[in-house]
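Here is a walk through one protein chain, from the whole to the details. Keep the sequence and the 3D view side by side as you read.

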Amino acid sequence: MCSILTNVIHLSIDTTGGAGQYLGADSAAPDPNLSASAINGMDAMAKANRKLQVSTWNVAAINNNPFEYWITYDENPAYEKIMSDIEAFLENPGAQDVPVSQVFTEEMFTELEKRMDGVGWDNVRSYWNNDFKNRKIISDFMKDPLLGSKRLASMPDRITNTINVVGSDLPVCRPTVINMYDGDLSTLQLWWSAWEKFMFDTPLTIQGKDGTFTEPPYKMLQPIKKAKYPDITEEEEKVSLPLQTMCGAIFDAILVHMMNTVSAPDVWQSLKKTMVENLNRQKVPHTLDILENVYGSSDIITLQEVSGSLIEQARNRPLGQKFWIVAPGSMDAVRDQNSVIFLAKETFPAGPSAEITSLVESSFEPGVTVPVAQGDILAITAIDRDGIPFVVASFHGDTNGLATKPVLSAIMKAMASDSSLVTHKLVFGLDANTYENAKPGKQQDVLEWGKHYVSYDLTSCWGDVPNPANYTTFNSRTYLQPQLNKACKKSDKRANGDVNPKDFILFGKGDFKVVRTWKDNTGEKSYIENMAFPTLNFPSDHGILATIVKPITSTSNA
């Protein structure tokens, strides 16, 4: 048998690579009882012809802007037409590139000025008269890179777009196109009336670090500091609160104007309502439906970017009866994105034994900063019905994948450092955030990632050498979001989008052999290549990955 135990013994003799670099005078000797249990358990599993089904899925945090990413929406041709027309409006506005004052009018600015003067802010009429009112809405405002680098429109959007309030399951949304706001935006005057009331007359109770507080959204805005955003001038920094409020209002006005220009208001608002319902409000129930009805036969499910609400709802559904639902002991309550593990109660009747996340995190290379956030890593131990001890881990990699290799190294180091963990079988499901064509030094190349896990005598559901073109993501930003520099044309969704091989399931090369692996972007155990997702039927921008493995023992045929 070539188990984790025998790998460790072998590598303690030959320490030229792999996990052997962590073994030596300070390495833990394997616990003989657990070692015998692991060997006997693997034999029992093999004799019973039992297999292990492992599934992993980055369920993706809820995106408050239903229009931000291109989706596949074949059921309604109006979606493609509207998004294409918005793209054309922004790329080739022609005569539609009118002055700002024709959209966000002089009357609107005067009303805004009175509001801002009334709360004691500095007056910014000179910026309006001498600059912004005369700018063209597309070429001089929406596509102005300096406006973007100064964060004058994106900063107020980020803070006030969607606000979670105490005592409500639904957030409060700023009146704009690019969130879940469900009020009538069929005219600019209707928009402006709602926007002004929201910003200045709507006190909201929110949870802060030091308890709850109640204030209108304008008080939540933060000054834009030149030290952090060097393109902003010293004069603009001094008036950054009223200046960003004005720019935010202009930004929202242009969005409403564009939508009502390219589409009849009842068409696009009806479309948005359907998208919000499916992509946003029903995202958690829809995600749980897929896990329950399609992947309920899994022995282990590892999830990433999981909200506290999803965990709570899962425990109150049949999933909670079938699985031990394990969340990190230290949850990320701010981002509300956590790695979670489901263990089938039939396979793991005693449930999880212990959480070892802190041991993993303390095993990072000294002096090296690893870009992980609270809740990104969850590592636990559990013993299955055959007596096999497991380390099960779930991990959400940073955007560039630069934490992925260090986290695996830390897991292997943690396992090698403990006499009981040395004997455990590792099952590791993760969003590795690896890339087919990585930017050297800035992103994690998928083939280099493969070499890394193989160096620890691990393999993956994709084998030792992952196929760089075996994608598990296909998403690209539209023109209906604040960062137009990241927008992809409809024709460039594939070329310029995030289409990469990001998701993996790892295990010991001498422990298990793959019987079958599949990926899924439909919720029906099938994957449609070259299809942008999420869709109305599939609620994440990562595909589900699942594998069935069988044990390798000294008496089995490897």
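**A guided walk through the chain**

Pro534 sits in the loop between strand 17 (512-520) and strand 18 (544-551). A cis peptide bond joins Phe533 and Pro534, with omega at about 25°. In general, most peptide bonds are trans.

A word on the source. This is a predicted model, in which local features need pLDDT of at least 70, side-chain atom pairs count only at pLDDT 80 or more, and totals for chains, interfaces and linings use all residues. Residues are numbered from 1 along each chain as its sequence is written, and side-chain values use heavy atoms, with hydrogens and water left out.

Now step back to the whole chain. The protein chain holds 19 helices and 18 strands. Both are DSSP runs, numbered from the N terminus: helices are H or I with at least four residues, strands are E with at least two. The radius of gyration is 26 Å, close to the 24 Å that the globule rule gives for 558 residues, so the protein chain is as compact as a globular protein of that length. That radius is taken over C-alpha atoms, and the rule is 2.2 Å times the number of residues to the power 0.38. Along its principal axes, the C-alpha trace spans about 85 × 50 × 45 Å.

Next, the inside and the surface. Buried residues make up 55% of the 558 residues in the protein chain. Buried means under 20% relative accessible area, exposed means over 50%, and partly exposed lies in between (1.4 Å probe, protein chains only). The protein chain exposes about 22,900 Å², and carbon and sulfur atoms supply 49% of it. These areas come from the Shrake-Rupley method with a 1.4 Å probe; for residues, only the protein chains shown count as cover. Contacts, meaning heavy atoms within 4.5 Å, also tell a story. Among those between residues at least 6 apart in sequence, 75% join residues at least 24 apart.

Strand 10 (residues 377-383) and strand 11 (residues 389-396) pair in the antiparallel sense over seven bridges. Two strands pair if DSSP finds at least two bridges between them. Strands 10 and 11 form a hairpin with five residues between them. In the turn, Gly387 has a positive phi of about 90°. Ile377 has Phe395 as its bridge partner in strand 11.

Strand 11 also pairs with strand 12 (residues 425-431). These two run parallel, joined by seven bridges. Ala393 stands opposite Phe428 in strand 12, and Ser394 has Gly429 as its bridge partner there.

How many residues of strand 11 are buried? Eight of the eight are, so strand 11 is largely enclosed by the rest of the structure. In strand 12, seven of the seven are buried, so that strand is largely enclosed too. In a regular strand the side chains alternate between the two faces of the sheet. Look for this in strand 11: Pro389, Val391, Ala393 and Phe395 point one way, and Phe390, Val392, Ser394 and His396 the other way. In strand 12, Lys425, Val427, Gly429 and Asp431 point one way, while Leu426, Phe428 and Leu430 point the other way.

Just follow the chain onward. Asn433 is found in the loop between strand 12 and strand 13 (434-435). Its phi is near 50°, a positive value in a residue other than glycine. Most residues other than glycine have a negative phi. Asn433 is buried, with a relative accessible area of 5%. Asp457 also has a positive phi, about 60°, although it is not a glycine. Asp457 lies in the loop between helix 18 (446-454) and strand 15 (458-460). At 28% relative accessibility, Asp457 counts as partly exposed.

Two more residues complete the walk. Lys519 is found in strand 17. Is Lys519 buried or exposed? At 10% relative accessibility, Lys519 counts as buried. The C-alpha atoms of Lys519 and Leu545 are separated by 4.5 Å, though the two are 26 residues apart along the chain. Lys519 is in contact with residues including Trp462, Tyr471 and Ile544.

Leu204 is found in strand 4 (residues 204-208). Leu204 is buried, with a relative accessible area of 6%. Its contacts beyond four places in sequence include Ile163, Phe198 and Met220.
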